[in-house]
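Here's a quick briefing for anyone opening this one up for the first time.

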Amino acid sequence: MAQLEHGDGFETLAIHAGQEPDPLTGAVVPPIYQVSTYKQDGVGGVRGGTRSAADHGGVATGPGRWVEGYEYSRTANPTRGALEECLAALEGGVRALAFASGMAAEDCLIRTICRPGDHVLIPHDAYGGTFRLFDKVHVHWGVTYHPVPVSDPESVRAAATAFNPALIWVETPTNPLLSIADIAALAQIAHASGALLAVDNTFASPYLQQPLALGADAVIHSTTKYLGGHSDVVGGAVVVADAGLAERLAFLQNAAGSAGAPFDAWLTLRGVKTLAVRMDRHCDNGAQVAMFLANHSRVAQVYYPGLADHPGHEVAAKQMRGFGGMVSFRHADGEAAAVRMCGRTRLFTLGESLGGVESLIEHPAKMTHASAAGSPLEVPADLVRLSVGIENCADLIEDLREALG
Ligand SMILES: Cc1ncc(COP(=O)(O)O)c(C=O)c1O
């Protein structure tokens, strides 16, 4: 059994946390427990006595965690539990919950915290699906949202005073404009106004940024992206610092049934093991691509927090280990040229999503952010978003050079 010690590094936790060899067979990775229900010792008594996985935060911990305490896989499943334990360790939280998608994770967090009449501050630059969830779904249950520039703490403070929000929702870096929010500053503002701070850490991943250590109350992930890393699974997670909030989230996750499937948890865990080495390469390639674009005559503006002239560069350097692999830019020749370029690359695949080993290109206004059209979150029509993968970087730059023409 992997004996983890306090102070073990990120790479060690990614490979061993929640992933001790299976006590039944010695299998060195958690098996896919493709099962819905579990034999119980007696009526009202789960296998292993009274030690229900649900009672232990949905994850059976300690010796026998694979073989005891389960009753039904919507409530807890050993493979999902392994992923949850690993994600909690990587984000430095008390507990993680794994969901069927990033949107399911967001929905569970919002409905756990907010009640009709509550207000939420959201970024004025954010993933289109997040905006749609507030704008088209939760609004019908009486939760009101207010877009604010989260890269400007004073604007957030003023909005917090004006609206007295239950929740401040932040993405950093944002999707697709790579704005940077100062997590520590926003945590102070949130707590001073009685709100919780949730940070969508999808673009950074826990390898580059750990919001709970900076004062956030909850971290959200689309594990579909860097955590999974191979564009082969959709999933989400919430990681929290407070056991009471974790209990309430687990209650709703079980009650509403939004947990992720065992095979999806297994695939995600397989991706997580290599997160650190992948992210290092994503950062290197992202920086080189951003520099190339910044010096290209057909590019009007580059959004990458690693560039010294990015307005959030200093805050990003303070709170992130590296600047990531997401790069957006505005095409100097306008919307039509931006759209045309997205169809002309050889290695960058035209597609939504991000964070996989392969490079992707997309046109946010017509694709990922179409749902924000006409709203304060509308994105520029000449914007192109790149998810820079871990291919040979010279090949990637050549591909972009040819597509830009
Ligand atoms: C920043 C961000 N958060 C959340 C989501 C939603 O995640 P999922 O697609 O896994 O539901 C996405 C999806 O692209 C995203 O980019």
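Let's start where two helices touch: Met103, Glu106, Asp107 and Ile110 in H3 meet Gly129, Thr130, Leu133 and Phe134 in H4. Sorted by class, that contact has four nonpolar, two polar and two charged residues. Keep in mind that this is a predicted model.

**How H3 and H4 cross**
- Helix H3 covers residues 102–113 and helix H4 covers residues 128–137; they pack at an angle of about 40°, and their axes are 11 Å apart.
- Because of that angle, H3 counts as oblique to H4.
- The crossing of H3 past H4 is right-handed.

**The sheet**
- Seven strands make up an open sheet with mixed pairing, in the order E3-E9-E8-E7-E6-E4-E5.
- At the edges sit strand E3 (95–99) and strand E5 (144–148), each of which pairs on one side only.
- On average, neighbouring strands of this sheet are turned by 20° against each other, direction ignored.

**A closer look at E8 and E9**
- Strand E8 (residues 218–222) and strand E9 (residues 236–240) run antiparallel and are joined by five bridges.
- In this pair, Ala218 stands opposite Val240 in E9.

**Helices on the strands**
- Helix H8 (residues 243–256) packs on the sheet and touches E3, E7 and E9.
- The direction of H8 makes about 20° with that of E3.
- Helix H6 (residues 183–192) lies across strand E6 (167–171) and strand E7 (196–200), and H6 runs at about 150° to E7.

Notes: Residues numbered from 1 in each chain as written. Predicted model: local features only at pLDDT ≥ 70, side-chain atom pairs only at ≥ 80, totals over all residues. Heavy atoms only, no water. Axes fitted to C-alpha atoms, helices over the stretch in contact; angles between N-to-C directions. Helix = DSSP H or I, 4+ residues; strand = E, 2+ residues; numbered from the N terminus. Parallel < 35°, antiparallel > 145°, perpendicular 65-115°, else oblique. Left-handed = near helix turned anticlockwise from the far one by under 90°. Contact = heavy atoms within 4.5 Å. Nonpolar A, V, L, I, M, F, W, Y, C, P; charged D, E, K, R; others polar. Pairing = 2+ DSSP bridges.
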